[in-house]
Amino acid sequence: MQKHLLATLLLAALCGGAQAETIFRRSNDAEPASMDPQLAQGMPEMHILRDMFVGLVDEDAGARPIPGAAASWDVSSDGKTWTFYLRDANWSDGKPVTADDFVYAWRRAVDPETGSKYAFFLYPVKNAKEIAEGTAAVDSLGITAVDARTLRVELNNPTPYFTGLLSNAATYPVPRHVVEKYGKDWTRAEHIVGNGAFKMREWKPSASITLEKSPNYYGAAQVALDKVIYYVSEDKNAELQRYRAGELDWTADVPNDQIKWLSENLGDELSVHNYLGTYYFGFNLTKEPFKDAPKLREALNLALDRDRIVKLAGSGETPAYGFITPGVSGYTPYTPDYAAWDYAKRLERAKKLYSEAGYSKDKPFKVELLYNSNDNNKKVAIAVAALWKEGLGVETTLTNKEWKAYLNDRREYKTQIFRGSWMGDYDDANTYLDLFISGGGSNTIGLNDPEYDKILAAAAAETDTGKRAALLQSAEKRLIDQNGLIPVYYFVSKHLVKPYVKGYEANVMNHWPSKYIRIEK
């Protein structure tokens, strides 16, 4: 009896002295399609990659640029040559991060054999576009390792948003010694190596990804969390239930039809903020029925009642008639004339165009609309189909697919109309317009417009900020007037956040790096 009591007291003392792990449990919209920085395409990947990797430039808690893997940099007087001085840092396996790791990663990003859909991100760099198009050698890319800690980058033109590009995953370094050892399997949990605040511990497909603090991260002393668990949460109602049950500390989104209840009952935990993002529907311009059908595309655009869709979203979203989100620095978005019309006038015009395209209620147009699995996307898709049916008689078949299959269909142009969203990667209009450069990896509407490309090239070479803004607006006008896509609304970010989650700073980029989060229960 006495031995049992002593053992119990000893166990209690040991447990009392143990330090409990600090874990941040956050939801993610979907299963990541790829954890390879040069192959990642969407937000489900980017949130996690920001925790595992650091580019030359990083972001603070408010998404403002700060030094990252580069402690400092110099820019030549003509703005075309950047020299980065890397800090003393290591990969999560303890090996040093060197300038060669960036050279390897950037060449990999633009190499056609890699198949990166974000290669266009590096087009400001000398020869990047030519390499991606197969007309220049990969080793001609304008990036050089001067020595292990010094990196030189040559640009085609002065690029005012260049530091913004450098916090994107496409520009992250990757560990050559790991990539070449394991090939396409290098991103498996047991192999992947990063240079960020966290490293992957476990990946349960379609369920969760667990990260743990990396002791080799250069800023590890400031990281308060021991673990971060990302839960796949395509079902927004199930996500809400998990949050209310105490199984999540943060939600990636909330059900649109629950906003009123959440505001009234969990108002202190509901976080809604402006967001540099646009929700849209894209036409596949590479084949019928939309390839040579401008009147049909315009009819579907005009028949979409944005005000009704925004009410359905119900969180402060605003109708979109242009593609670039209002609030981008130094830019006034283009607004087409019909944005000022009432819906009755737009629908009247839509009916006329629909008839001229050869369709009527007796001879309806039939179309398939693709969206990625998500409750909010489903509600919007149903509403869009109803508006087209009610206004024009269009018969719409709705098809939903999980994130990876949905991305593949868009990439391979196996679509007619698809739901899309674009979140600005940096605070400049170029981040929206570059998306539709002819042949670009993320140009999933298949726009092939040499004049549009020419305008963007002129904007890239223009050093006068006013003239550059005017060129960018003329590019947006050309994009919108061709009706290759239907802007629907401008996003707001919507999250539920537990009161004990600290360190979060709302920002228009909707970036929440876990390394700034503290749990204060």
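1. A word on confidence to begin with: pLDDT is the predictor's confidence in each residue, on a scale from 0 to 100. In this predicted model, pLDDT stays under 50 over residues 1-18, and that stretch has zero contacts beyond four places in sequence, where contact means heavy atoms within 4.5 Å. The chain as a whole averages a pLDDT of 94, and 96% of the residues score at least 70.

2. Some ground rules for reading the rest. Because this is a predicted model, local features need pLDDT of at least 70 and side-chain atom pairs count only at pLDDT 80 or more, while totals for chains, interfaces and linings use all residues. Residues are numbered from 1 along each chain as its sequence is written, and side-chain values use heavy atoms, with hydrogens and water left out. Helices (H or I, at least four residues) and strands (E, at least two) are DSSP runs, numbered from the N terminus.

3. Do have a look at Gly-68, in the loop between strand S3 (65-67) and strand S4 (70-75). Its relative accessibility is 0%, so Gly-68 counts as buried (buried is under 20% relative accessible area, exposed over 50%, partly exposed in between, with a 1.4 Å probe and protein chains only). Leaving aside residues up to four places away in sequence, Gly-68 touches Val-54, Gly-55, Leu-56, Val-57, Asp-58, Arg-87 and Tyr-218. Val-54 is 14 residues from Gly-68 in sequence, yet 6.2 Å away in space, C-alpha to C-alpha.

4. Next, some backbone details to check on screen. Most residues other than glycine have a negative phi, and most peptide bonds are trans. Ser-206, in the loop between strand S8 (198-204) and strand S9 (208-213), has a positive phi near 60 degrees and is exposed, with a relative accessible area of 58%. Tyr-413 has a positive phi near 55 degrees; this residue lies in the loop between helix H13 (403-411) and strand S15 (417-423) and is partly exposed at 25%. The peptide bond from Glu-288 to Pro-289 is cis, with omega near 15 degrees, and Pro-289 is in the loop between strand S11 (270-283) and helix H9 (294-302).

5. That brings us to H9, which is mostly covered, with seven of its nine residues buried. Leu-296, Arg-297, Glu-298, Ala-299, Leu-300, Asn-301 and Leu-302 are the buried ones. Their cover includes S11, S15, helix H10 (306-313), helix H11 (343-356), helix H12 (375-391) and strand S16 (485-496).

6. H10 and H12 also pack against each other, at an angle of about 155 degrees with axes 10 Å apart (axes are lines fitted to C-alpha atoms, for helices over the stretch in contact, and angles run from 0 to 180 degrees between N-to-C directions). H10 is therefore roughly antiparallel to H12 (under 35 degrees counts as roughly parallel, over 145 as roughly antiparallel, 65 to 115 as roughly perpendicular and the rest as oblique). Arg-308, Ile-309 and Leu-312 of H10 meet Lys-379, Val-380, Ala-383, Val-384, Leu-387 and Glu-390 of H12.

7. A further helix pair is worth a visit: H15 (residues 450-461) and H16 (residues 465-481) pack at about 165 degrees, with their axes 9 Å apart. H15 is thus roughly antiparallel to H16. From H15, Glu-451, Tyr-452, Ile-455, Leu-456, Ala-458 and Ala-459 take part, meeting Arg-468, Leu-471, Leu-472, Ser-474, Ala-475, Arg-478 and Leu-479 of H16.
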